[in-house]
Amino acid sequence: RSNDNIDRTKADQIGMLATIMNCIYVSEIFRSVGMKTKVFTPFTMGPMAEMFTKDAAVECLEKGVVTFFAGGTGHPYFSTDTTTTLRAVEIEADVILLAKAVYDSDPKVNPAAKKYDEIPIQQVIDQKLGVMDLTASIMCMENKMPMMVFGLNEENSIVNTLKGKFSGTKVTV
């Protein structure tokens with residue numbers, strides 16, 4: 001095995017652990033204000049999280065439990081974007097809510113970059129806009145999974161999106 005593959009595997013493992021830590025942290029914040037939460041991972045974690053199964057996750061969602069999917073797929077080479085799409089398809093979600101931005105080019109490099117209000121997933125793929133990685137984007141297209149993409153820098157963007165006051169980009173299928 002080459003050192004590049006070893007480094008990639010270690011980086012992926014660190015990324016998986018980071019998503020678990022973030023989910024546990026956010027879960028505890030939600031719990032502190034009285035919300036019920038559950039963190040699912042692709043591997044056994046003891047009392048901190050439950051191993052993901054579709055049935056257990058859907059049951060939590062049906063009971064109104066805020067459900068987190070942490071740790072990716074548990075395998076290297078699969079991004080969090082791909083895992084997000086995989087889990088959304090598995091639980092038959094209506095839409096993926098994604099905290100990113102959709103522009104025709106990088107607004108940090110191009111001050112005249114145009115933000116899309118709505119864009120088809122095929123255009124995202126064709127123009128390589130980087131909303132999600134290519135694997136995740138194609139999975140969304142093939143499974144007809146739309147996305148609602150909003151910026152975290154906008155005040156109350158998550159709360160507003162959940163309340164139906166969406167001001168981001170709709171990625172259609």
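The largest pocket of this predicted model has a volume of about 1500 Å³, where a pocket is an open set of points on a 1 Å grid over the protein atoms alone, points at which a 1.4 Å probe fits, with protein on both sides within 12 Å along at least five of seven lines; grid points are joined across faces, edges and corners, and the volume is the space filled by probe spheres set on them. It is lined by 36 residues, and the closest to its centre are Thr67, Phe68, Thr84, Leu97 and Leu98, a lining residue being one with an atom within 4 Å of a point. Two or more lining residues come from each of α1, β3, α3, β4 and α6 (157-162), these elements being DSSP runs numbered from the N terminus, with helices (H or I) of at least four residues and strands (E) of at least two. Helix α3 gives the largest share of this lining, six residues. By residue type, the lining of the largest pocket divides into 23 nonpolar, nine polar and four charged residues, with Ala, Val, Leu, Ile, Met, Phe, Trp, Tyr, Cys and Pro counted as nonpolar, Asp, Glu, Lys and Arg as charged, and the others, Gly among them, as polar.

The second largest pocket holds about 280 Å³ of space. Among its 17 lining residues, Lys100, Ala101, Tyr103, Gly151 and Asn153 are the closest to its centre, and the lining as a whole divides into eight nonpolar, four polar and five charged residues.

How far can such details be trusted? The model is predicted, so local features need a pLDDT of at least 70 and side-chain atom pairs count only at pLDDT 80 or more, whereas totals for chains, interfaces and linings use all residues. Residues are numbered from 1 along each chain as its sequence is written, and side-chain values use heavy atoms, with hydrogens and water left out. The mean pLDDT (the predictor's confidence in each residue, from 0 to 100) of the chain is 89, and 94% of the residues reach 70 or more. Among the elements, helix α1 (residues 3-32) has the lowest mean pLDDT, 80, and helix α2 (residues 54-62) the highest, 96.

From the pockets we turn to the packing.

Isoleucine 121 lies in helix α4 (residues 121-126) and counts as buried because its relative accessibility is 3%, below the 20% limit, while exposed means over 50% and partly exposed in between, with a 1.4 Å probe and protein chains only. Isoleucine 121 and cysteine 140 are 19 residues apart in sequence, and their C-alpha atoms are 7.6 Å apart in space; Cys140 is also one of the residues that isoleucine 121 touches.

Two loop residues remain. Tyrosine 77, in the loop between β3 (66-69) and α3 (80-90), has a positive phi of about 80 degrees although it is not a glycine, and at 43% relative accessibility tyrosine 77 counts as partly exposed. Glutamate 92, in the loop between α3 and β4 (96-99), likewise has a positive phi, about 60 degrees, without being a glycine, and glutamate 92 counts as exposed at 58%.

Terms used
Contact means heavy atoms within 4.5 Å. Lists of a residue's contacts leave out its neighbours within four places in sequence.
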